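Please read these points with the model open beside you.

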Amino acid sequence: MHKSINLLVGCLLLLPLATSANIIHTTGSITANGEGSVAYTLFDQNAPGWTGISVNSWHFDTYVYLFESDGYLDSSDYITRNDDGGPGLNSFIGTVLNAGSYILAVSDYYLSFSEALSGYNSNNYYGDYSLTIASRAHVGFPTSSVPEPTTLSLLGLGLLGAGFFRRRMKKLPTAR
């Protein structure tokens, strides 16, 4: 009985930690070989913290490599790799990551280190996969700081309309 109460209290103490996790999801696919046979996902983490990365597929046996992203992918960026760390033929990486940008390379079981770096896998398997990243820190996909052309066009049209409206208001006679 005493052990059951300790277990219940321990679970209740961990509940706030579980609810503070940040979780992001995405999907992707790989081709059978050559270009597109290795899929890359870039993500950012804003503070040091434990991070779990899970890759699942019904189409192929997943294999993942995790790299730091410093603008150029090479062997010095390597952090870790995993195959069959999740349920079934899925991959799982659980590690503490520092604040920064990261690249996850996803392909099938026959992915070598050099293929993860080059982006070309000579596999024969292809298909879709899902990716879940959960962390105690805030994780997210990078956002582009370059405005889209449509957004700039709409902003320009809005400013132009406001200018015409103001000019027209100046020309109207005022009642005294």
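1. Rings of Phe, Tyr and Trp (its six-membered ring) count as a pair if their centres lie within 6.5 Å; planes under 30 degrees apart are called stacked, over 60 edge-to-face, and the rest tilted. By that rule the structure holds twelve aromatic pairs. One aromatic cluster is formed by Y63, Y65, F67, Y78, Y109, Y110, F113 and Y125.

2. This is a predicted model, in which local features need pLDDT of at least 70 and side-chain atom pairs count only at pLDDT 80 or more, while totals for chains, interfaces and linings use all residues. Residues are numbered from 1 along each chain as its sequence is written, and side-chain values use heavy atoms, with hydrogens and water left out.

3. Strands here are DSSP runs (E, at least two residues), numbered from the N terminus, and two of them pair if DSSP finds at least two bridges between them. Five strands form an open sheet in the order 5-4-7-2-9, with antiparallel pairing. At its edges are strand 5 (78-83) and strand 9 (139-140), each of which pairs on one side only. Strands of a sheet pair through backbone hydrogen bonds, either parallel or antiparallel.

4. Within this sheet, strand 2 (residues 39-45) and strand 7 (residues 100-108) are joined by seven bridges in the antiparallel sense. L42 stands opposite I103 in strand 7.

5. Contact means heavy atoms within 4.5 Å. Beyond its neighbours within four places in sequence, T41 is in contact with T26, Y102, I103, L104, Y129, L131 and F141.

6. Strand 3 (residues 49-56) is largely enclosed by the rest of the structure, because six of its eight residues are buried. Strand 3 pairs in the antiparallel sense with strand 6 (residues 91-97) over seven bridges, and with strand 8 (residues 127-135) over six bridges. S54 has F92 of strand 6 as its bridge partner; for I53, the bridge partner in strand 8 is I133.

7. W50 also lies in strand 3. W50 is partly exposed, with a relative accessible area of 41%.

Methods: Helix = DSSP H or I, 4+ residues; strand = E, 2+ residues; numbered from the N terminus. Buried < 20%, exposed > 50% of the residue type's maximum accessible area, 1.4 Å probe, protein only.
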